[in-house]
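Please read it with the sequence and the model side by side.

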Amino acid sequence: MNMGTRPALLLIILAVMIAGCLNASSTKPDWAHDVNWLGEKPDSIVEKELFTQITPYRIEYDLVNITAKNESDGLHIRVIGISKAAMNPDIYDFTYSDGTLTRTSYLLEALQPHDRNTAIAAAMQKKEVMEKGVIGVPTVRRILPDTSKKYYAAKTLLSVTWTGISVLVDPDEWKVVQVWNENAGGR
Amino acid sequence: MNKKISLYVLVLIVLSTFGVVASSAEFGVVKSETLQVGPQMESFDIQNFTKLEISPRYGNAQFQPGENKEMTVTIKNKETKSIKVSPIVVVPPFGEYLMDKEWITVSPANIEIPAGGSQKFAIKVVIPADASIGYYNANIAFTNEKMPTPYPEPFPNYVHSYSLSINLWAPPKIQISNPYINDQLEAGKEYDYKIKLKNTGDKAVAIDPKTSQQNQMYGGPSGESAFTDDAITITSQKEVPAGASIEVNVHIKVPADAKGNYQGIIDLGIDDPSIRDEWADMVNLGFGVWKQPTEPYVKTFNAKEAAPVTIEVSSNMGIAYGYFGSSTNTKNKKDPSFAVTMTGTGNTAIPLTKVKTIIKGGVSLGGMNGLPPWELESESIYQEMGTQIVETYKVDVPAGDLKLGILPENTQQFEYTITMGNN
């Protein structure tokens, strides 16, 4: 090897290593193993901001699919967090406009089987649920603190829902904190 | 003489009367002194207490046996003179469990806080490895000043104290694979379920699983249970060996005449002191009982002329959020299906051809559409509310009376349409 090319080669190797380090220190959090952008990709600030507003619950996402589409009121972003440990994904909708990222909807069902089962078991102990004679598999959805605070406390709760009846379960104590019975006209 | 004696007696009576009055008056003074105790209590002057700010006043912490933690309490002397503080640990002689004073050490043990000065006290809690799981309380009194009370109190209420609550817990050694079993059962059939128990500890744990009567009063909408606990047989080993897993077998023999719902509990009877919640070692049972019909539903109709007929049979939307089958084993999923027949005059069988099967779904855009208010924020995200199976049959029928027979399987409701003529 020419002595003149050796420093250049070392520089290239160094540049590749630095690039690798930069990639490793990207916005992707530890709990998102793989992030896949589909459609329009905004600047990395949006991705960084997205990861402050989504988080899995006692689970890690093996894949995070992010779809973005420009609409008249801003960028519409859908985030789907998929985990091999959960039957269903977590889905978040956001809009990004004038530098502000706003969560508009969420449907979070990525739960460990243990958490899902224990929430159902806690719900089944509730008198109203027993009296209803619920049959079949309920949905179990994570309710975020800013929603939960209206019904119990600003903390993560799990909503266990059969047709016409739903209970909110506090997963810290596996305690039912609210019951909604459609036939009873609400809570 | 008699007059004199009478006069003396009269004087004595008068004097004794005054004496009584005088002694009553003395009593009255005593009473008024006693009454003065009240005003003394009412006027207890907060100024009499040493002005010390204690922050925080309360603390609670979770420990596992063998753990230790340190907490800090700051005392600020609001007096204009220095105050000597000698903290003592006081354990209330009541409660679920009584803490040993030796678990807590406060340092410094003695100190003089100058006027306007602050002092931090380190409260170190060391829980012995053999301590019993439970809730404990203690007070750390920084001075011996007590709240005055009108009546003697069995336990003094210290003015300058820090109240500490300890939740001593240990993770359960037994892990339960499925804390509930929820299924659709058919009357007259038998079912087997398994509950897996894993012992993560280093000692065998005894178990004694049996059905519990705790929620037998809830038989579902009809109020009557579909069957009794006699229909359930539970078999298992008597203990879960250290580091091993076992299975509790649950066999259900559904009576042939069973109808409605069954709600029950299996109390696993796990001998693990770390389980404090009585529900923590129970498995909930929820069963709906139905009977698979053996005879088809028959619809008689008349064809005015020979024509092609299309029959469409659809299951109900089913369990809007689930499926017909076991909730603990998705392999038990049972899709609805139909056995459809057509007979003409004289019960002559007319062959039908199933031309298509449609899987039809109901999808919601979330929000308040049949969902609880706390799921309102799912609005605009598609959610499948349930599916139904639609089967289509074609048949060429002769004119005359015809009988359509539909025998449903794995659905408790169905709909049909008969379309005569080409469509």
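Leaving aside neighbours within four places in sequence, A:A123 is in contact with A:V129, A:V160, A:V167, A:V169 and A:V176, where contact is taken to hold if the C-beta atoms of two residues, placed from the backbone, lie within 7 Å. This is a predicted model, in which local features need pLDDT of at least 70 and side-chain atom pairs count only at pLDDT 80 or more, while totals for chains, interfaces and linings use all residues. Residues are numbered from 1 along each chain as its sequence is written, and chains are lettered from A and ligands numbered from 1 in the order in which they are written.

**Nonpolar cores.** A:A123, together with A:V169 and B:V283, has the most contacts inside the largest nonpolar core, which has 71 residues. Such a core is a set of buried Ala, Val, Leu, Ile, Met, Phe, Trp, Tyr and Cys residues joined through C-beta atoms within 7 Å; a residue is buried if 20 or more other C-beta atoms lie within 10 Å of its own, exposed if 12 or fewer, and partly exposed in between, with the C-beta atoms placed from the backbone. The largest share of this core, six residues, is supplied by α3(A). Another core, of 20 residues, lies apart from it and includes B:I83, B:V85, B:I140 and B:F142. In soluble globular proteins, nonpolar side chains tend to be buried together.

**Chain A.** Five helices and nine strands are found in chain A, helices being DSSP runs of H or I with at least four residues and strands runs of E with at least two, numbered from the N terminus. Of the 187 residues in chain A, 34% are buried. Where pLDDT is low, the predicted coordinates should not be read in detail.

A:R58 is located in the loop between α2 (44–53) and β2 (63–71) of chain A. This residue is partly exposed because 14 other C-beta atoms lie within 10 Å. Although A:R58 and A:L111 are 53 residues apart in sequence, their C-alpha atoms are 7.4 Å apart in space; A:R58 also touches A:Q112 and A:D115, residues up to four places away in sequence not being counted.

**Contact between the chains.** Chain A contributes 35 residues to the contact and chain B contributes 33 residues. On the side of chain A that touches chain B, α3(A) gives the most, with five residues. By class, that side has 16 nonpolar, 13 polar and six charged residues; here Ala, Val, Leu, Ile, Met, Phe, Trp, Tyr, Cys and Pro count as nonpolar, Asp, Glu, Lys and Arg as charged, and the others, Gly among them, as polar.

| Strand pair | Bridges |
|---|---|
| β3(B) (68–77) and β8(B) (118–126) | nine bridges |
| β6(B) (104–107) and β8(B) | four bridges |
| β11(B) and β13(B) (190–199) | three bridges |

Within these pairs, B:T74 stands opposite B:K120 in β8(B), B:T105 stands opposite B:K124 in β8(B), and B:I174 stands opposite B:N199 in β13(B). An open sheet of four strands in chain B has the order β11-β13-β18-β16, with antiparallel pairing. Its edge strands, each pairing on one side only, are β11 (174–176) and β16 (232–235) of chain B.

Methods:
Two strands pair if DSSP finds at least two bridges between them.
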